[in-house]
Amino acid sequence: MRLTLGSAVAAALLAATAARAAEPVQPIEPPKAVNAAQAELGKKLWFDPRLSRSGFISCNSCHNLSMGGSDNLKTSIGHNWQKGPINSPTVLNSSLNMAQFWDGRAKDLREQAGGPIANPGEMAFTHELAVDMLRSIPQYVAEFKQVFGTDKLSIAEVTTAIAAFEETLVTPNARFDQWLKGNKQAINDQELRGWQLFKSAGCVACHNGPNLGGTSFQKMGLVEPYKTDNPAEGRFAVTGNDAERFNFKVPTLRNVELTYPYFHDGAADTLAQAVDTMGRIQLGKTFTAQENADIVAFLKTLTGDQPQLVMPILPPSSDKTQRPRPFD
C-alpha cells in the first residue's frame, strides 16, 4: 500500500514538474548565495548619500526599496533638482536581467553601479571623489579591508559590494509562483483568465522566463509607432545601429503593481493604460475592458515577498571628509 501511495505521489510530482516546464514563465527562486560580508557593506553604500556631490542622493533615492525598487516618478530627480532623462527601472530581481539600464549599456550590476555616481545629472560626483570620501572615514577603510582582504579601496571594490547587495534583492513566493508550483488555489478565476490571455495574445513572446522580461531588446512601437516627447533612443545610443533605434530592454513584470508609472518615459500612469497601449502598439490588438481587467488582475499576482531589511547605521564622517555641496 505504501509503495502504491509513494508511486502515486511521485507520479503527481512528475506531472506537476512537467506542467511547470511547459509554461513560458518559471518561478522566482529565493536569493542565491552571495558573499554576505560584501552584501552587508554594499547595503551601507546603497543607502549612503555621501556618494553624491550633494550628500543628499543615494542609490535608494531612485530605487526606493520601500516602493518596489523604483521611485514612482515619470523620470527621476537628480542633482540640483535636474529632471532625469528616463524612467527609473526597478532594481528588484535586476540580477536576472541580461544587461542593465533601458538601453543595456552596462553588461552587469557591477558595471551599472558606478554609472549614477559619476553622472552629472544624477549623483554628480566622480569615482575619484567618491573613493576619497570613503577613504576619509576610518570605519569604512577598516570594513573594506576586512571584506576584501586588502588595503586597496577603489571604485572596483565599491561597485562589487553594491552589486553583491543588489543580488540579494530577489522577490520569490508571488501568488503566481505558488500557482506554477502546483497550488491551484493561489490565483482566482479572473487572474487565471488573464494569464491565459497574456499567453494567447502574445505578451509572453517578450515577457517570459523567471523575470517575465529582461532577456531581450525590443522595438517600442512594433506594430504602431509609439508617440513620445522623450528623447531616449534605446540601443541606438549604444551601438549606433539605426536598426536598433527605439529598441529598449524589455522590463520585468515582477512586482509591476508597485513600479508605476510605466514605460521608459513613464507615460502610462496605470496598469490598465499600459496594457491598452502595449496591446495596440506591440501586438496590434485592442483589448476589451474585461480583457484588460483580466490581464491587470494577472499582473497583480506577480508581486513577491519584498526584501526585509534592517537599515544600516552608516559610519560617521571624519574631520577630513569632504562636506556636502547640495547647492553647487
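Trainee: Is asparagine 93 buried or exposed?
Mentor: In this predicted model, numbered from 1 along each chain as its sequence is written, start with the cut-offs: buried means under 20% relative accessible area, exposed over 50%, and partly exposed in between, with a 1.4 Å probe and protein chains only. Asparagine 93 comes out at 0% relative accessibility, so this residue counts as buried.

Trainee: What about asparagine 72, buried or exposed?
Mentor: Asparagine 72 lies in the loop between helix H3 (59-62) and helix H4 (109-118). Asparagine 72 also has a positive phi of about 60° although it is not a glycine. Its relative accessibility is 18%, so asparagine 72 counts as buried.

Trainee: And how does leucine 73 count, buried, partly exposed or exposed?
Mentor: Leucine 73 is found in the loop between H3 and H4. With 34% relative accessibility, leucine 73 counts as partly exposed.

Trainee: Which peptide bond is cis?
Mentor: Most peptide bonds are trans. Proline 261 lies in the loop between strand E2 (247-249) and helix H11 (271-283). With omega near -10°, the cis bond runs from tyrosine 260 to proline 261.

Notes
This is a predicted model: local features need pLDDT of at least 70, side-chain atom pairs count only at pLDDT 80 or more; totals for chains, interfaces and linings use all residues. Side-chain values use heavy atoms; hydrogens and water are left out. Helices (H or I, at least four residues) and strands (E, at least two) are DSSP runs, numbered from the N terminus.
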